[in-house]
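Hi,

Here is the model I promised to send over.

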Amino acid sequence: MAERSFAKEVKKLRLGDGETFHGEGILAVTKGLLQSGVAYVGGYQGSPVSHLMDVLADSHEILSELGVHFEANGSEATAAAMLSASISYPLRAAVTWKSTVGTNVASDALSNLASAGVIGGTVIILGEDYGEGASIMQERSHAFAMKSQMWLINPRPNLPKMVDMLEKSFQLSEASNTPLFFQLRIRACHLHGQFVAKDNLKPAFTVRDALENPKREADKIILPPFTFLHEKQKIEQRWPAAVKFIKDHELNEIFDGAEGDVGIIFEGGLYNVVIRALQMLGLADSLGETDIPLYVMNVTYPLVDDHLVEFAKDKKAVLMVEEGQPNYIEQALNKVFNDAELTCKISGKDVLPVSGEYTGQVMKEGIKGFLEKFKPDLVKFDDQAASIASLSQVTVTAEALDVAIPARPPGLCTGCPERPFFAAMKMLEKDYGEIHISADIGCNSFGTLPPFQIGNTIMGYGLSAASSSAFSSVRGKRAISIMGDGGFWHNGLTSGIGSAVYNNSDNVFIIVDNGYAAATGGQYIQSSARTLKEDERKARIQEAVQGVGVKWVRTINSYDIADVKALVREAMTSHFIGPKVIVIEGECMLNRQRREKPIKAKRIKAGKREVKERFYVESETCTGDHACIRLSGCPSLTIKPSPDILREDPVAYVDNSCVGCGVCGENVHAAVLCPSFSRAELIFNPSGWDRLKHVVRQGAIGFLQRRSDNKRARVSL
Amino acid sequence: MSNTRIKPTTIVISALGGQGGGVLTNWLVNMAEQNDYFAQSTSVPGVAQRTGATIYYLEMFPKSEVKDLTVPPVMALMPMAGDVDLVVAAELMEAGRAVQRQFVTPLKTTLIASTHRVFSIAEKMVLGDGTGDSDTVLKAAHQAAKTFVAFDMESLAAEMSCVISSIMFGAIAGSKKLPFSREKFEDAIRAEGKMVEANLRGFNAGYQAAETPYVPEQASDTDVPFGKIEGTANTPAAQALIDRINGLPDPAREFAYAGATKLLDYQDLDYAEAYIAELEAFAATDKAPFDLTHELARYLALWMAFDDTIKVADIKTRSERVKKYRQEVRAGKDQIVHMVEFMHPRLEEIVGTMPVGMARFVLKSPFLTRFFEKFTGPRLSDTTKVSSFLMLYFMASLRFMRRKTLRYAEEHAEIKSWLDRVRTTVATDYDLAVEIVRCQRLIKGYGETHERGLGNFKTIMAALDNGSVTPAKVSELRTAALEDEDGKAFKKALAA
C-alpha cells in the first residue's frame, strides 16, 4: 500500500479514442504506454517517478486485461536487465527510474543492451531530479546517452506533446534498433493538463509468445567479435536510421519568427520557460507566437546536423540553451557549424549560467544578454525587471529578511520509528564518543540532518555497508554503517554485507527495517509484511544475512531506546571479531496509520472500547531548554511562548498531530530529561469497570484537590 | 508580432505537509476548467510529508483569448520572480520565503498569508529562543505586496473545525483577484464532494476574513508607564505587599507582581515578601530607567522559585492542571483520561528534598546511599490512580519544610553570592551589574541540563573574578552558552 493510491485515477487509463484525458503527467505517460501497445513494464521507484510505479501497481487490472506484464523490479539494474527481452523479440517495453542515480545503478545492463540493440521498441522513462527541490547530486543523463549511444528524448512539457513523443519514441527505437531515454523533469511529472486519448493497444507480440517461440541470435551476445560488430552497426546503421526517422517525422520543431537573423536552439523541456522569458521582453505571446525563430530539440541526442545547419545558415547568431554542464550540445553545435562553414556565432554558457536550473528569471536574463550582444535594438522593454524594480520601495533589506526567516530542513515524519533509533545513537555518541558512521539513502538519510546529525558519508542506495570497507580490518574502535531495508534489498546485501563477511570485517551494520521503501512513498519490498501480489512476507533480513554467513545478528524494537543504545554499545565493544548486524524493527508510521486509523475509528464508532494515546508537556515545569526536541525533531513536538511572563524562552508543546508513538517518554527516561512529559490515555467507550474505578478514584483525588485549592485560596495577591 | 498581450494569471501556493495545498490546487484547477479557462498546475513536492514546504504553481488562461482551442496557450511550469499575480502562503515564514524569492512585488502581487507559525527544527532545537522574526517578515510582506491579506488561518480553521485549505480557498475568493464569482468557488467545493459542509464553513470564514485589509499592529510603546497594580489581595498582609510593589519603580512593577504571585504560589506570603524586600533594597539606589530593578524582578523570582521535587509534585496534583491537560489533549466532556507521568528521580532529587542534616548524613553513608538509590530511575506514575496521586500529593505537602531542605540551602547560597556580586558591582559598573543579573537565564531545567546551565553560570562568574570583563563580553558569553549543548561555542567565546 503506497502512500498515495491511484486506484481511482487509473480508471482514466481506460479512456478511448477521442475522449479527453484530464490529469497528471505521470498518469498521461502511463496512458501513452498503453496506447503504444507496450508488452511489459517495470522500474524502480524514486522521485519524481515513484508515482509512475504506484500508478502501474494500481493498474494491474487494466494491465492484465491487455496482457501487459508488470514487474516491480528489485533495482534499476534489474529493470535494465529485464529489457533484454526486447533484444530478440518484438516486445515493446518501458521501465522507469530516477536519474542520474538509477541510470548509474543500471549502467552495466544498459551498456550491453545498447550494444546488442533491440527489435522491440524500448523506452526508459527517466525521472530527472535536477534543480529546485532535487535530492541528489546534479549531473546530466546526457553523458550516458552519448557514451552508450542511446537516444535522448526531452519533449516540450505539455501533455499532448509528451504522449505523442512517447508513442513516437517506440517507433524511433524500433526504426533504429536502439533503446532510448525519455526524460521527464519533476514538474512535468506533476503537471496537471489534458490531451485527447486514443484506444489502448494490446501488444501485438506478448511475453508468452516469446517464451513459446524462443529465438537465439548468437550475434547479439556481448562477446567478441560481436561487440566490435555492434559498434560498427551503431555508427553505420542505427545512428543514420535514427537521424532519418527524427527528420522524417519532424520530431524536432522549428517555430519561425520575424527576426530571421537570430535564433534560439534549446532542449524541448525548456520550451515553456523560453516562451515566457521572450514574453517578458515583448518578443512572444501567450499562444507561443514568437518574433525570434526557435529550434526545439525534442530529441537532444542524436543531433540532426543538416536540420540545424538549415536553421542557422542565414543567421548571424544563435543562442544554445542547455541546462547543466558540461555543455555537450553547444560543443557539438560548434563542430557542426564549423564543418558546414557557417558564419553564425554560437552563444550559450557565455550569457547563461554554467550550472543550475534555468528558471524564468535566469532564462530571461540569458536571452536578454544574447540579444544585447547581437541585436541590441530588439529589447524594448522588460516586464519582469519593471516588476522587480518596484521592490525598491521595500525598506526591509534582503539581509534582514535572511536573518528573520529560519531554514526549514526536512526531517522524519511524526511517529517515525527511525526517530527513537537515532535518539539512541545520539545518546550513545554522547557517552561513547564520536563514531565514524556511513549513512545511506532513504528516510534514514534524514538522520544526517538536525537535530541528530549522525552520519559522515552517503555513497548511494544500499551502499553504506560497503562504505565502511576501508575500516574493516581495524581491531579497536569500530565503524558503523546504517541502511534502510529498501537499500538492503536493493544493493546492501551483496555489495555490503556479503563483502563484509568475505573480508571478515569487524564493523557494525545496522539495518533499519520499517517494512517498506518508505522514502519513495511506502512501496512494498521483499521483507514487507505484505507484498504487492500476495499477503505474505517473502524474505527476512535476518535470514538473508545469516545466509551470506553473518554469525552475529541481533534484532530489536526501535522504541526500546535504552536497549537499542545498550545493544549498539555491545556491538561496538564485543569481543566477537567479524561483521555484526543489528536489525532495528519498527513499522513506518505513515503506513501503519493508514492501515490502523480507519479500523480504530470504526471500532470507536461501533461502541468498542479503545484507548488513544498522545503526549503532553507540562508548560509550568518546562523551562525551555528544548533538550527533548534535540533528541527528537518530531513535527508534533514543537514550541509555544511560555505562559509565564517571567520566562523568555518558549516552552515545549505537543500539538494535536501527536500519534502517541512513545518516543518522548522513552527519551525522557533514557536521557534523564525532565519531569514535564506525560502520556494521555484517552479511553473511548469505557467499560463498566473503567467507570467504577474512575468514580472511586475521582472521589478521593477530587477531595484532596479541593482541599489544596481551598488552602491556596486563603491568600491571593 | 505578438497577437495577444493577455498573459496567464499566475498563482503560487506555498503549503506545508498536511495543510492541503494539493486539495486547494485541485479546487482552483477544476473551477477554472469549469468556467472556460485553460488551467495548468505543477508542484515540487520535495519532501513535504517530511516537514518541508511544497510549492504549487498554477496558471490560468481564458479560452476566449485563444483562436484555435486545439492549440492551448503556453503555460510555464514554474513561477518567475516578479511575475506572480497571487501568492497564497499557509504559514508566515513561507510567506516570507515567497517575498525573499521575489515572487511578491508591489506592482503585481496579491499576497494572502496565514500569520500563524509552524516552527522549523532549526528554531525548535535552540537552547533558548531561536524563533524567527515574525515582525520583520510581516513588515516586508506588507511592503512588498500590492494587496496584503493576512490573518491567523490556523486558529480560524480550529474555530470552524475545518481544514486550513478551505480557509485559504475562501480567502482567495474574498480577495476578489480571480475572475470567478463566489458561487463558482463554492461550486468547486461541492463538485469535489468531500467534507462539503465543513469546507463551505471554512470557505465562508476565510472569505469574510479576507475582506478586512491587513493593518499592521502598532509596536507597543515601551515609554508608556505601566501604572499601578490593582491585584486581587484578600488579606491585609497581601494588600500591604501590593502596596509595596506599587512603591517600586514603574518599570519593575509588572515583573515584581508576577514574581510575587509566583512565589506566593510556590511557597508562602513570607517568601514573596522576602523577594520584594530584596527588590526594594536594589531599587533604593537604582535610577531611571531602572534596568537593574526591572531585570532583577524577573530573574530573582525565577531563581527563588527553583524547580525542586516539591514544586513538580505540586503542579502535577492540582485540579486546574487537570482541566488544562484535558483541554490540551482534547478530551471529551466526561471522557476518562489517564495521565501517565514520566519521572526519573535521581539520588540528587531525593536527597535534595531532605532536611540538610539528614541529607548530608545519607550522602556520607554508603549504605544509606545505596538504599535510597533503590528509589531512583525511570518511573511511570498515573496521577489518576490514588496510589500515585497520594505519593505526589505527599511530596507536594513537603512544602511546609522546604526552607529546611538541602536543595533550598544550596540554591539560596548561590542566590546570596549572586546578589552580593550584583551589589558590589553596581557601584562601579552599572551595566555590568545588569548583565550579571541576566546570567540567571542560564540556570534552568533539571538533571544534566540544570548542571550544565549552573556550570556555565559559574564559569562566567569565575571569569568575572579573574579579571575585568566588559558587559558586552558577559552578554556574548551568555549567548554562546545557549548556542549548543556541548559547550563548543561557549568554550570558543571564553577563549576569545
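**The buried strand and its sheet**

Within E17(A), Ser481(A) is the bridge partner of Ser438(A). Before going on, bear in mind that this is a predicted model, where local features need pLDDT of at least 70, side-chain atom pairs count only at pLDDT 80 or more, and totals for chains, interfaces and linings use all residues. Residues are numbered from 1 along each chain as its sequence is written, while chains are lettered from A and ligands numbered from 1 in the order in which they are written.

How much of strand E17 (residues 480-484) of chain A is buried? 5 of its 5 residues are, so the strand is largely enclosed by the rest of the structure. (Buried means that 20 or more other C-beta atoms lie within 10 Å of the residue's own, exposed means 12 or fewer, and partly exposed is in between, with C-beta atoms placed from the backbone.) Ile480(A), Ile482(A) and Gly484(A) point one way from E17(A), Ser481(A) and Met483(A) point the other way, and all are buried.

These strands sit in an open sheet of 6, in the order E16-E15-E17-E18-E20-E19 (chain A), with parallel pairing. Strand E16 (457-458) and strand E19 (552-557) of chain A are at the edges with a single partner strand each, so one side of each has no neighbour in the sheet. E19(A) is joined to strand E20 (residues 580-585) of chain A by 6 bridges, and the two run parallel. (Contact means C-beta atoms, placed from the backbone, within 7 Å; axes are lines fitted to C-alpha atoms, for helices over the stretch in contact, and angles run from 0 to 180 degrees between N-to-C directions.)

**A mixed sheet in chain A**

Another open sheet has 5 strands in the order E9-E11-E10-E13-E14 (chain A), and its pairing is mixed. Strand E9 (253-255) and strand E14 (345-347) of chain A stand at its edges, each with a single partner strand, so one side of each is without a neighbour in the sheet. Ignoring direction, neighbouring strands here are turned by 20 degrees against each other on average. E9(A) runs antiparallel to strand E11 (residues 294-297) of chain A, and 3 bridges join them. Glu253(A) has Val296(A) in E11(A) as its bridge partner.

**Where the chains meet**

How many residues does each chain put into the contact? Chain A gives 100 residues and chain B gives 120. On the side of chain A, helix H26 (residues 688-713) gives the most, with 9 residues. That side divides into 49 nonpolar, 31 polar and 20 charged residues. (Ala, Val, Leu, Ile, Met, Phe, Trp, Tyr, Cys and Pro count as nonpolar, Asp, Glu, Lys and Arg as charged, and the others, Gly among them, as polar.) Strand pairing crosses between the chains too: 5 bridges join strand E24 (residues 677-684) of chain A to strand E7 (residues 337-343) of chain B, which run antiparallel. Arg679(A) is opposite Val340(B) in E7(B).

**Chain A overall**

Chain A has 26 helices and 24 strands. Its C-alpha trace spans about 100 × 70 × 55 Å along its principal axes. Of its 717 residues, 53% are buried. Among contacts in chain A with a separation of 6 or more, 79% are between residues 24 or more positions apart.

Cheers

Terms used
Pairing = 2+ DSSP bridges. Helix = DSSP H or I, 4+ residues; strand = E, 2+ residues; numbered from the N terminus. Contact = placed C-beta atoms within 7 Å.
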